[in-house]
Amino acid sequence: QTLCQSIQCVALVFQTVHDSPSFSKGRLQLTSSHEKLPSFPLIVQRTLSFFADIMLLEFGSSASHEEKLWANEYSVGVRKVGGTLDNVLHKAYRHLYGFSICGYWNAQDKDKVTQPQVDDTISPVYVPESIEAASQLYSCIRR
């Protein structure tokens with residue numbers, strides 16, 4: 001229950017500041033060899049990726065650790081909160097890497113769904129800063 005509440009809290013905070021002008025202004029430099037990354041999307045990505053791993057490992061139905069961690073979807077009991085988590089992760093990844101992972105439903109035209117695409121309005125864009133970050137992105141794309 002605490003994990004679900006934490007995910008909901010992060011989602012609400014992200015939704016509140018997502019359109020704010022200061023959203024991508026703060027920067028973090030992870031190591032001397034990396035560029036400064038937008039701090040808020042990076043913190044959201046790291047936090048929610050950690051929560052996703054916990055949910056997959058703790059509530060997964062597979063026997064092995066690897067099969068649970070690389071599952072294509074969350075187990076039935078946590079699927080709704082997992083969907084919320086991945087939705088916010090997709091938005092954070094869009095701000096970090098400049099592309100959308102999934103299409104979005106258009107509220108004005110109910111038959112229109114946008115396709116995954118490169119977002120030209122995000123500048124500059126970055127690459128995953130480590131193998132761990134790249135594997136977390138891949139895992140999110142699979143789900």
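Let's start with how H2 passes H4: the crossing is left-handed, meaning that the near helix is turned anticlockwise from the far one by less than a right angle, while clockwise would be right-handed. Helices here are DSSP runs of H or I with at least four residues, numbered from the N terminus. A quick note before we go on: this is a predicted model, where local features need pLDDT of at least 70, side-chain atom pairs count only at pLDDT 80 or more, and totals for chains, interfaces and linings use all residues. Residues are numbered from 1 along each chain as its sequence is written, and side-chain values use heavy atoms, with hydrogens and water left out.

Back to our pair. The H2 and H4 axes come within 9 Å and cross at roughly 150 degrees; axes are lines fitted to C-alpha atoms, for helices over the stretch in contact, with angles from 0 to 180 degrees between N-to-C directions. Who meets whom? On the H2 side, the residues include Leu48, Phe51, Ala52 and Met55, and on the H4 side they include Leu85, Leu89 and Tyr93. Contact means heavy atoms within 4.5 Å. By class, this contact has 14 nonpolar, four polar and no charged residues. Nonpolar covers Ala, Val, Leu, Ile, Met, Phe, Trp, Tyr, Cys and Pro; Asp, Glu, Lys and Arg are charged, and the others, Gly among them, are polar.

Now please find alanine 52, in helix H2. Is it buried or exposed? Alanine 52 is buried, with a relative accessible area of 1%; buried means under 20%, exposed over 50% and partly exposed in between, with a 1.4 Å probe and protein chains only. Leaving aside neighbours within four places in sequence, alanine 52 is in contact with Tyr74, Leu85 and Arg143.

Leucine 85 also has Ile7, Leu48 and Met55 among the residues it touches. These names return in the largest nonpolar core, which has 26 residues: Ile7, Val44, Leu48, Met55, Tyr74 and Leu85 touch the most other members. H4 gives the largest share, eight residues.

Last, H4 has another partner. H4 (residues 79-97) and H5 (residues 131-142) have axes that come within 11 Å and cross at roughly 130 degrees. That makes H4 oblique to H5, since angles under 35 degrees count as roughly parallel, over 145 as roughly antiparallel, 65 to 115 as roughly perpendicular and the rest as oblique. Asp86, Leu89 and His90 of H4 are among the residues making this contact, as are Gln136 and Leu137 of H5.

Key:
Helices (H or I, at least four residues) and strands (E, at least two) are DSSP runs, numbered from the N terminus. A nonpolar core is a set of buried Ala, Val, Leu, Ile, Met, Phe, Trp, Tyr and Cys residues joined through side-chain atoms within 4.5 Å.
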